[in-house]
Amino acid sequence: MSNTPMAANPLTRAVLEIDEYVSGLGWDQPARLFALVDTARLKVQEPSLAAQLGLTDEQEAAGLTPIEQDEIPAGKPLDEFLATIAWPDAVVGCALTVERLMLPPSAEASVPQGLSDKKLAAWVAAHPDRQEVRMTVAVLRDGTRDSAVRLREKDAATEVLTGSGLVPGLAEALSATFAE
């Protein structure tokens, strides 16, 4: 993607490319799952797919190409869905984007105890300090991970936070999709 900033490594570039793609679709989107494949291997083994994806011979081959997967079933908890995934050997990693409401750490002390998940979600949605975020988390088979977090109120590519430890729970769940 032409507007994706250059990053130090292929996984960070893939995360930012996915973030940019999903950002172009707007907010209030469902979760999206991506397979990550080695770009050079894809060009050699699947030249017609590489052409469909717009991967040209002139482009840098050392990298990862995200390939969006089928829609995640609505109504199925994300952790249950992820537990059903098994990737073929050609997939070197995977990524997921998901939108959530988050509260600042200062709000933790005021969380009512004993709420059901549904009531807790409603409480968070009504909280005046809530932030809407889009998280893009990617993992490789070898355990390498990276993520990007975009706040709805600061919806610009220059405001996207990146780092390997931003969303550890989701990274663990994605890593589990590669467990033998």
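Author: Begin with burial: a residue is called buried when its relative accessible area is under 20%. Bear in mind that this is a predicted model.

Reader: Which residues of α1 are buried?

Author: Helix α1 covers residues 10–23. Its buried residues are Leu-11, Thr-12, Arg-13, Ala-14, Val-15, Leu-16, Ile-18, Asp-19 and Val-22. They pack against β1, β2, β3, β4, β5 and β6. From first C-alpha to last, the 14 residues of α1 reach 20 Å, close to the 20 Å expected at 1.5 Å a residue.

Reader: How many residues does the largest nonpolar core have?

Author: In soluble globular proteins, nonpolar side chains tend to be buried together. Here the largest nonpolar core has 27 residues, and Leu-33, Trp-87, Leu-96, Leu-170 and Leu-174 have the most contacts inside it. At least two residues of this core come from each of β1, α4, β3, β4 and α6. A separate second core of 14 residues includes Leu-11 and Ala-14, along with Phe-34 and Ala-138.

Reader: What is Leu-96 in contact with, leaving aside its neighbours within four places in sequence?

Author: Its contacts include Leu-33, Ile-72, Leu-78, Met-135, Val-137, Leu-170 and Leu-174.

Reader: And pockets? Which element gives the most to the lining of the second largest pocket?

Author: Rolling a probe the size of a water molecule over the atoms shows where empty space is left. The second largest pocket has a volume of about 570 Å³. Of its 16 lining residues, Glu-99, Arg-100, Leu-101, Ala-121 and Val-124 are the closest to its centre. β3 gives the most, with five residues. By class, the lining has 12 nonpolar, no polar and four charged residues.

Note on methods. Residues numbered from 1 in each chain as written. Predicted model: local features only at pLDDT ≥ 70, side-chain atom pairs only at ≥ 80, totals over all residues. Heavy atoms only, no water. Core = buried A, V, L, I, M, F, W, Y, C linked by side-chain atoms within 4.5 Å. Buried < 20%, exposed > 50% of the residue type's maximum accessible area, 1.4 Å probe, protein only. Helix = DSSP H or I, 4+ residues; strand = E, 2+ residues; numbered from the N terminus. Contact = heavy atoms within 4.5 Å. 1 Å grid on protein atoms, 1.4 Å probe; cavity = no way out; pocket = protein on both sides within 12 Å on 5 of 7 lines; lining within 4 Å. Points joined across faces, edges and corners; volume = space filled by probe spheres on them. Nonpolar A, V, L, I, M, F, W, Y, C, P; charged D, E, K, R; others polar. Expected span 1.5 Å × (residues − 1).
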